[in-house]
Amino acid sequence: MGEAIERYVPDGATVAMGTALEPLIPFAAGHEMIRQGRRDLELVGPISDSLFDQLIGAGCVRRVTAAWVGNVSEGLGHCYRRACEHGVPRSLEVNDHSNFSISLALWAAAWNVPSLPTRTLLGSDILRTNPGLAVAGDLVQVNAVQPDVAIVHVQRADQLGRAHAWGPLGISEEAGLAAERVIVSCEELVDASVTLSDPNRILFPETKVVAVVHELGGAHPSPVQGFFSRDHAFYRDYAERSRTAEGFESWLREWVLEVKDRASYLGRLDMESLRIKSHRPSAPADFGDD
Amino acid sequence: MTTDYTPQELMVAVASREIRDGDTVFVGMRLPVLAYAVAQSSHAPSARGLFEVGLMRSRPAEKFLGTMGDPPNVVGALWATRMSNAMALMAQGHVDLGFIGGAEVDRFGNLNTSYVGDPQKPKVKLPGSGGGADIAILSRRWVTLMSHERRRLVDRVSFVTSPGYGDGSPGWRRRNGLLGGGPSAIVTTLGVLRFPDDGGEAFLATVHPGHTVEDVLAETGWPLQVADHVSETSAPTDSELTAIRHFDPQGFWTRA
């Protein structure tokens, strides 16, 4: 992970993450950016369940282009508040979106058009604060948003970047297609015979994927269908400790800065209690051709 | 009939009664997840739930949900897909009812979940729209749930994240091109506010047991109109409470 972030996420990059909404959030990648001291990032996403809040609190972020930043089960994002209200640890530019419009902004970039029309956001003041949205007649034009890199966590991938994800996908496909490049982290690194046995399940063309990182538990505390449940208590603890800047600093030291890598992070947790034990494999699809 | 229930349990029961059998419901998060579960397992067995994460269901998840994206919400789903597909259905007018959480609501049902104060220098930065603005604009009708406090029920919100009836003038939504019908109820910890059939300004329709009209007026930030025959909200029934406690066994949402 360290190498992937170092090579493909430079300072100032526009980074799409958390694109499946509450599940499959690439926390391990985000924590690595914090450890490497990334600066001036623009974060792109729909809702961000605490990960954007952590990157903002760590001072890595210049701009947020998103529909929602907070803690889904607990409420407000305290670092997001401090940055917007008091410029702590630094001031933040915000391009507000709705979930629908951020999806359209990424589809526009994916299809290489300057904007896409929609009927959502009419009558909303989001149109006043985001210069990338404009009313044209009885439609809203949503300007394209092109990430330099999209980072996704998935259940399994092969070494050549074919990523299989299942469950709800949120805006993962448009984020991957819109981005210049994609970093994949996965629970299981599998042989190409596994991924290619079900090409419908591959999220993006392999030509977009520049790095595959085998990162067990890389989405904790967010859930991974078939692998891990959501760690609600961890989100609650983060919400409580991040209420003050000092509390956040101590949380960050404990869970990010003084943690060498994902394996040592997981070593501090009872991952067994989160591991999903009742498995429900789908029926195989027959791709026979002759 | 038990009188032992929390304000959140009452809100869930009231919200569940807003769901009609056969509705497609854009569920959202928190209390509405429980409201859908209660409705589907009682008076609205054929109500479908649609979740912006990219899920459609015909029955509630069998285990506790902290978020709509928790693994139990995928088990038994009718459809697991991308978000833009769920939004497509709503854009076509196929969502009968949506639920939206709000930090502030005003007399015309506009919601603010973005900024308290000047957006350039906000007093409070709230998390943002999420799917709220989309639901407010595109679903056929919607309901919001909120703690009833003067600082939350304000005369006019300073920032309209999710539009209700705009400036309250007749036909505001139609004139501005909004497809859906607008808010039908504001369910609070003290009562239920509704709107005239053609939209406009909220009025107090029912008051929850144990509260008075005066309590409600004192906690509302504008001179709230009161229905001619304001009645008492029906308390949660035993079967509603049983369902709520089945789907929220630890009281994560309803006893915090």
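Modeller: Let's start with strands β2 (residues 48-51) and β3 (residues 55-57) of chain B, which run antiparallel and are joined by three bridges. One pairing you can look up in the viewer is B:Leu50, whose bridge partner in β3(B) is B:Met56. Keep in mind that this is a predicted model. For chain B the average pLDDT is 96, and 99% of the residues score at least 70. The model as a whole scores ipTM 0.97 and pTM 0.97.

Now zoom out from that pair of strands. β2 and β3 of chain B belong to an open sheet of ten strands, in the order β4-β3-β2-β1-β5-β10-β12-β13-β14-β15. The pairing in this sheet is mixed. At its edges sit β4 (79-80) and β15 (225-232) of chain B, each of which pairs on one side only.

Along the principal axes, its C-alpha atoms fill a box of roughly 45 × 45 × 35 Å. Buried residues make up 56% of the 256 residues in chain B. If you take the contacts in chain B with a separation of 6 or more, 65% are between residues 24 or more positions apart.

Leaving out residues up to four places away in sequence, B:Leu34 touches B:Val12, B:Ile244, B:Phe247, B:Asp248 and B:Trp253. B:Leu34 is also one of the residues that touch the most other members of the largest nonpolar core, which has 157 residues. The others on that list are B:Ala15 from chain B and A:Leu43, A:Leu55 and A:Val184 from chain A.

That brings in the other chain. In the contact between the two, 46 residues of chain A meet 44 residues of chain B. On the chain A side, β2 (41-49), β3 (61-71), α4 (78-86), α5 (99-110) and α6 (126-129) each supply at least two residues. The largest share, five residues, comes from β3(A). By type, the chain A residues on this side divide into 21 nonpolar, 15 polar and ten charged.

Chain A itself comes to twelve helices and twelve strands. Its radius of gyration is 19 Å, in agreement with the value near 19 Å for a compact globule of 290 residues. The box filled by its C-alpha atoms is roughly 55 × 50 × 35 Å along the principal axes. Of the 290 residues of chain A, 54% count as buried. Among its contacts with a separation of 6 or more, 72% are between residues 24 or more positions apart.

Strand β8 (residues 139-143) of chain A pairs antiparallel with β6 (residues 115-118) over four bridges, and A:Ser115 has A:Asn143 as its bridge partner in β8(A). β7 (residues 133-136) of chain A also pairs antiparallel with β8(A) over four bridges, with A:Val135 partnered by A:Val140. The hairpin of β7(A) and β8(A) has two residues between the strands, and A:Gly137 takes a positive phi near 65° there. In general, the side chains of a regular strand alternate between the two faces of the sheet.

Two last stops in chain A. A:Ala192 lies in helix α8 (residues 192-195) and is partly exposed, with 13 other C-beta atoms within 10 Å. A:Ala192 touches A:Asp158, A:Leu160 and A:Arg162, again not counting residues up to four places away in sequence. From A:Ala192 to A:Gly161 is 31 residues in sequence and 9.3 Å in space, C-alpha to C-alpha. A:Ser273, in helix α12 (residues 271-274) of chain A, counts as exposed because it has 10 C-beta neighbours inside 10 Å. Between A:Ser273 and A:Val184 there are 89 residues of sequence separation and 25 Å in space, C-alpha to C-alpha.

Notes:
Residues numbered from 1 in each chain as written. Chains lettered and ligands numbered in written order. Predicted model: local features only at pLDDT ≥ 70, side-chain atom pairs only at ≥ 80, totals over all residues. Pairing = 2+ DSSP bridges. Contact = placed C-beta atoms within 7 Å. Nonpolar A, V, L, I, M, F, W, Y, C, P; charged D, E, K, R; others polar. Core = buried A, V, L, I, M, F, W, Y, C linked by C-beta atoms within 7 Å. Buried ≥ 20, exposed ≤ 12 C-beta atoms within 10 Å, placed from the backbone. Rg over C-alpha atoms; globule rule 2.2 N^0.38 Å. pLDDT = per-residue confidence, 0-100.
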